[in-house]
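Thank you all for coming. Please take a moment to look over the sequence and the structure before I start, and then we can go through the packing together.

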Amino acid sequence: MVTAENEMKPDATEPNQNQFNFTAGDQIYNWAVGKGMKVRGHTLAWHSQQPTWMQNMTGTTLRNAMINHINGVMAHYKGKLYAWDVVNEAFNEDGSRRQSNLQGTGNDWIEVAFKTARAADPNVKLCHNDYNIENATYAKTVAVLNMIKDFKSRGVPIDCVGLQTHFTGGSSLPSNFQTTLQNFANAGVDVALTEVDVTNASTTQYAGLTQACVNVARCVGITVWGVRHSDSWPSNESPLLFDGSGNKKAAYTSVLNVLNSAPTNPTPTPAGTPTPTPAVTSTPNSATTLSINSGGSASGSFTADQYFSGGTAYTNTVDESPIISNVPPAAIFQSERYGAFTYTIPNRTAGSSQTVTLHFDETYVTAAGQRVFNVTINGTTALSSFDI
Ligand code: XIL
């Protein structure tokens with residue numbers, strides 16, 4: 001997985017207001033995808049690296065510009081990225097909100113950013129990304145955790161938290177790091193280490209942070225903030241896994257050893273007593289298969305028709321058992337829902353992948369072109385002018 005270090009930031013993607021530029025971002029995206037890698041988007045709303053035109057904006061003008069920026073960038077990358085750092089670095093060390101032009105637009109700017117992002121691309125994970133949130137008892141860590149719990153309790157969309165994990169510039173691996181990761185996971189979000197670097201590439205710290213992630217089931221990834229020391233933003237601290245010539249360092253081996261000794265299907269040991277929020281406990285496994293017999297009653301593994309709005313149920317008398325032998329059972333084709341209708345399937349995890357299988361049968365019209373329809377999934381057209 002790859003993160004663009006600068007190329008998807010606001011100053012890069014919207015250099016002039018409402019004139020978007022994805023040349024550099026796409027170069028990285030295409031390179032990564034061509035090598036089978038996923039891409040993390042970084043970042044949409046941040047006090048730093050704003051284009052000049054945005055820097056002195058305030059109030060409603062800025063709020064609207066932020067929303068327009070999120071919509072513009074996310075539309076371009078819709079369906080292509082693994083995650084977006086929707087908001088970056090929004091908190092002070094003492095846990096209060098960072099004073100910035102964005103914060104000046106109102107305390108709700110973060111949730112507005114997340115809601116905008118969810119609507120712009122419902123299939124990408126939406127993260128809050130921040131630094132110095134690696135120590136479980138640190139005020140800033142607690143503040144970000146509380147924001148996530150608040151969002152979850154109020155239904156504000158958020159799927160993940162990125163801990164930048166810059167153990168440079170005087171910071172180092174705290175002993176409670178795994179607890180921090182587990183605390184975030186228990187609040188109902190995925191956890192990722194998004195910008196790792198470690199002063200002088202300490203092998204114990206690199207191994208320790210990797211082990212902590214391996215031990216927490218919802219820790220989904222570790223990203224190192226650069227490849228060679230020479231590319232690092234604090235290059236004077238030689239904080240990466242490869243030296244200036246691209247040779248592997250001892251830290252590389254220390255990370256690899258932890259990854260190689262990790263169980264393939266890790267059974268995590270929670271570092272603390274999990275305290276899931278109600279939103280988590282009431283969310284059944286979104287991988288559960290649900291089969292619905294449209295317009296009919298329960299049959300085999302199919303439930304009676306439910307979760308629909310609109311359309312009309314209809315039952316036919318065509319016995320299709322001679323031509324449909326196994327799954328799904330022929331009986332489900334003896335009922336249907338026709339007209340314009342929607343199924344709203346509950347208890348799916350926002351941002352997770354879902355497979356939708358539609359079973360069609362034509363028992364009424366008799367020629368092509370007589371029943372032509374569209375299928376839209378989460379607002380995206382899946383079948384257009386479809387004629388079975
Ligand atoms: C840094 C880049 O590495 C530098 O090249 C750039 O000049 C400044 O930004 N937190 C973040 C990253 O979220 O985007 C920052 O990246 C490092 C700190």
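Predicted model: local features only at pLDDT ≥ 70, side-chain atom pairs only at ≥ 80, totals over all residues.

Let me begin with the core, where the largest nonpolar core has 68 residues, and the members that touch the most others are W84, L181, F184 and Y206. The element that gives the most to this core is helix α5, residues 109-120, which supplies seven residues. As a general remark, nonpolar side chains in soluble globular proteins tend to be buried together.

Which helices pack here, and how? Helix α8, residues 203-215, and helix α9, residues 250-261, have axes that come within 8 Å and cross at roughly 25°, and because that angle is under 35 degrees, the two count as roughly parallel. Their crossing is right-handed. On the α8 side the contact is made by T203, Y206, A207, T210, Q211 and V214, and on the α9 side by A250, A251, S254, V255, V258 and L259; by class these are eight nonpolar, four polar and no charged residues.

Turning to the second pair, helix α7, residues 177-186, packs with α8 at an angle of about 35°, the axes being 9 Å apart, and this crossing is right-handed. Here F177, Q178 and L181 of α7 meet L209, A212, C213 and N215 of α8, a contact with five nonpolar, two polar and no charged residues.

Key
Residues numbered from 1 in each chain as written. Heavy atoms only, no water. Core = buried A, V, L, I, M, F, W, Y, C linked by side-chain atoms within 4.5 Å. Buried < 20%, exposed > 50% of the residue type's maximum accessible area, 1.4 Å probe, protein only. Helix = DSSP H or I, 4+ residues; strand = E, 2+ residues; numbered from the N terminus. Axes fitted to C-alpha atoms, helices over the stretch in contact; angles between N-to-C directions. Parallel < 35°, antiparallel > 145°, perpendicular 65-115°, else oblique. Left-handed = near helix turned anticlockwise from the far one by under 90°. Contact = heavy atoms within 4.5 Å. Nonpolar A, V, L, I, M, F, W, Y, C, P; charged D, E, K, R; others polar.
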